[in-house]
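Student: I have a new structure to read. Could we go through the terms used for it and see how each one applies?

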Amino acid sequence: MVCASLTLTIPKRTWISTVSRDHPTATFRVRSAQSAHGVGVGFVELLAEKPTEIIESIRSFGPVHTVEVFHQEPDRALIQIEADKPILLDVLDRAGVPVEMPFEIQNAQVEWELTTTRNRLSTLGSALDESEVGYVVEHIHAKPEFDRVLTDTQQRLIEAALRRGYYDSPRQCTQEELAASLDMAKSTCSEILHRAEERIVKSFERGTESDRTAPRQTA
């Protein structure tokens, strides 16, 4: 698994690009979104000085089917937008990659954080290349997969150590206390921890070396 951060530029022909460029200080915080049968639905927190003006602007676009206002304040509104499938959702659906919510759109720029496999990340890159969305990969780093790196015994011990604060600073329990809580000899606990930590560090280093060779993509 890898974690990636991308900055995207939405093409000018889309309604959200037009609205966000016309109101560059407004923030569209997408809290949830889904698509089906060519239609996208998004629950959005709109942060702006004049949300009513922006909402009316959104309603004026042909691809927008409905805009429902759930709550509104002088500088904030919670709205649900139903529109023709947005280009960003189309890209995500084609790549099969989930993006972390919420994400924000401001002045046609989007910041995405996602966790996926390298193969799916590559598929996402291809989908973006085929679209009109400009993008820059800000960073990619490996996410340790402890369930694959560690044995069952090692994983149980690491999880117990985390729960009891063994790795906190300052430590909340000693190795002897950790061993006692698991009805384990201190020497056995020490040996298992050492081997587990070795595996985690080596796995992380392999991922870091791989990331250093990964090219930055721009469009």
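## Terms and values

Tutor: Buried residues make up 39% of the 219 residues in the chain. This is a predicted model, in which local features need pLDDT of at least 70 and side-chain atom pairs count only at pLDDT 80 or more, while totals for chains, interfaces and linings use all residues. Residues are numbered from 1 along each chain as its sequence is written, and side-chain values use heavy atoms, with hydrogens and water left out.

Student: What makes a residue buried or exposed?

Tutor: Buried means under 20% relative accessible area, exposed over 50%, and partly exposed in between, with a 1.4 Å probe and protein chains only. In helix α4 (residues 118–130), L121, L124, G125, A127 and L128 are buried, whereas N119 and E130, on the other side, are exposed.

Student: Why is α4 called a helix, and how do you know that its span agrees with its 13 residues?

Tutor: Helices (H or I, at least four residues) and strands (E, at least two) are DSSP runs, numbered from the N terminus.

Student: How do you know that the buried residues of α4 line one face?

Tutor: The arc is taken from the directions from the helix axis to the C-beta atoms. Seen down the axis of α4, the buried residues fall within an arc of 165 degrees, so they line one face. Their cover includes β1 (2–9), α3, β7 and β8 (134–142).

Student: What are the buried residues of helix α6 (residues 152–164), and why are they said to line one face?

Tutor: They are Q154, L157, I158, A160 and A161. Their arc is within 160 degrees, so they line one face of α6. The face turned away from the buried side carries the exposed residues D152, R156 and R163. After α6 comes G165, with a positive phi near 85 degrees.

Student: What makes a set of residues a nonpolar core?

Tutor: The members are buried Ala, Val, Leu, Ile, Met, Phe, Trp, Tyr and Cys residues joined through side-chain atoms within 4.5 Å. The largest such core has 42 residues, and L6, L8, F28, I58, W112 and L124 have the most contacts inside it. Helix α3 (residues 87–95) gives the most to this core, with five residues. A second, separate core of 15 residues includes A160, C173, I192 and L193.

Student: What does L8 touch?

Tutor: Contact means heavy atoms within 4.5 Å. Leaving aside residues up to four places away in sequence, L8 touches L88, A108, Q109, V110, W112, L128, V133, G134 and Y135.

Student: Why is strand β6 (residues 103–106) said to pair with β2 and with β7?

Tutor: Two strands pair if DSSP finds at least two bridges between them. Strand β2 (residues 27–36) and β6 have three bridges, in the antiparallel sense, so they pair by that rule. Two bridges join β6 to strand β7 (residues 109–116), also antiparallel. V30 has F103 as its bridge partner in β6, and I105 stands opposite V110 in β7.
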